[in-house]
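Here is a short report on one protein chain. Look at the sequence and the fold first, then read on.

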Amino acid sequence: MVWVEEREAQPENQQLDMKPIKKVYEEMMSNLLEKRNEYLENLYEEQEEIQNMVIDSPKLSKRERIKITNQIHKSKMLGGNLKVDSISKGLHELGNILDVCGFSLDMVNGDMVMGPEGNSLLVFRRKTDNPYIEGQEIENSRISFTWENLEPLEDGVETKKRYEILAYLT
């Protein structure tokens, strides 16, 4: 008989317990949504921080490296297929490519690119919006810039100029 009384009492207890369960469920869902929103806000802030770190990073990322390399390979001049009469035209082309990719070429002194042939490792850096502040220099890569005058020298002097230029990231 005791068992029957407990069994009969159980439906009443369930009805009484349903309101607190519903309240617990609503509170739990509310807390869950708050936590989710906090997580998403933190995630968004972390992504902004990561993006800002990449902008100021002295390292060239894999994505940036691929982008610059692809742009250089598209250039006939920097691939050696287009012959030019001046090394400066190749430097200009390289500067334009870096500009499109968000970088700038550091100053190239005349003595770095003198002679009928040669190779120079060029430094480049990230661009900035402020013209008075230099961007971060890229530390893990340089641009190998190689040139050769295909015209023969006359008495050791370059009289005719027809340069073949090759450039690639190191």
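Tyr 25, Met 28, Met 29 and Leu 32 make a nonpolar surface patch of about 400 Å². A patch takes residues with over 30% relative accessible area and no salt bridge; nonpolar side chains (Val, Leu, Ile, Met, Phe, Trp, Tyr) are joined within 5 Å, and like charges within 9 Å. The areas come from the Shrake-Rupley method with a 1.4 Å probe, and for residues only the protein chains shown count as cover.

This is a predicted model: local features need pLDDT of at least 70, side-chain atom pairs count only at pLDDT 80 or more, and totals for chains, interfaces and linings use all residues. Residues are numbered from 1 along each chain as its sequence is written, and side-chain values use heavy atoms, with hydrogens and water left out.

**Overall layout**

The protein has three helices and five strands. Along the sequence, the pattern reads α-α-α-β-β-β-β-β. Helices (H or I, at least four residues) and strands (E, at least two) are DSSP runs, numbered from the N terminus. Of the 170 residues, 22% count as buried. Buried means under 20% relative accessible area, exposed means over 50%, and partly exposed lies in between (1.4 Å probe, protein chains only).

Met 28 lies in helix H1. Its relative accessible area is 49%, so Met 28 is partly exposed.

Glu 34, Glu 38, Glu 41 and Glu 45 gather on the surface as a patch of negative charge. Here Asp and Glu count as negative and Lys and Arg as positive, while His and the chain ends are not counted. The place of a charge is taken as NZ of Lys, CZ of Arg, CG of Asp or CD of Glu. Glu 38 belongs to helix H1, which covers residues 2-56. Glu 38 counts as partly exposed because its relative accessibility is 42%.

**The strands**

Where does strand S4 sit, enclosed or open? S4 spans residues 143-149, and five of its seven residues are buried, so the rest of the structure largely encloses this strand.

S4 has partners. Two strands pair if DSSP finds at least two bridges between them. Strand S2 (residues 117-122) pairs with S4 in the antiparallel sense over six bridges. Within that pairing, Ser 120 has Phe 145 of S4 as its bridge partner. S4 and strand S5 (residues 163-169) also run antiparallel, joined by seven bridges. Ser 144 stands opposite Tyr 168 in S5. Asn 149 stands opposite Tyr 163 in S5.

In a regular strand the side chains alternate between the two faces of the sheet. Now look at S5. Its covered face holds Tyr 163, Ile 165, Ala 167 and Leu 169, and its uncovered face holds Glu 164, Leu 166 and Tyr 168.

After S5 comes a segment that includes Thr 170. Thr 170 is partly exposed, at 41% relative accessible area. Thr 170 and Leu 121 are 49 residues apart in sequence, but their C-alpha atoms are 8.6 Å apart in space.

**Salt bridges**

A salt bridge is a side-chain nitrogen of Lys or Arg within 4 Å of a carboxyl oxygen of Asp or Glu. By this rule there are nine salt bridges. Among them are these:

| Pair | N to O distance |
|---|---|
| Lys 83 and Glu 164 | 3.2 Å |
| Asp 99 and Lys 127 | 2.8 Å |
| Glu 134 and Arg 125 | 3.5 Å |

Take Lys 83 and Glu 164, whose side chains meet in a salt bridge. Lys 83 lies in the loop between helix H2 (62-74) and helix H3 (87-100) and Glu 164 in strand S5, so the pair ties together parts 81 residues apart in sequence. Lys 83 is partly exposed at 29%, and Glu 164 is partly exposed at 26%.

Next, Asp 99 forms a salt bridge with Lys 127. Asp 99 lies in helix H3 and Lys 127 in the loop between strand S3 (124-126) and S4, so this pair ties together parts 28 residues apart in sequence. Asp 99 is partly exposed at 39%. Lys 127 is also partly exposed, at 39%.

Finally, Glu 134 forms a salt bridge with Arg 125. Glu 134 is exposed, with 60% relative accessible area, whereas Arg 125 is buried at 10%. Both belong to a network of salt bridges that links Asp 106, Arg 125, Glu 134, Glu 137 and Arg 142.
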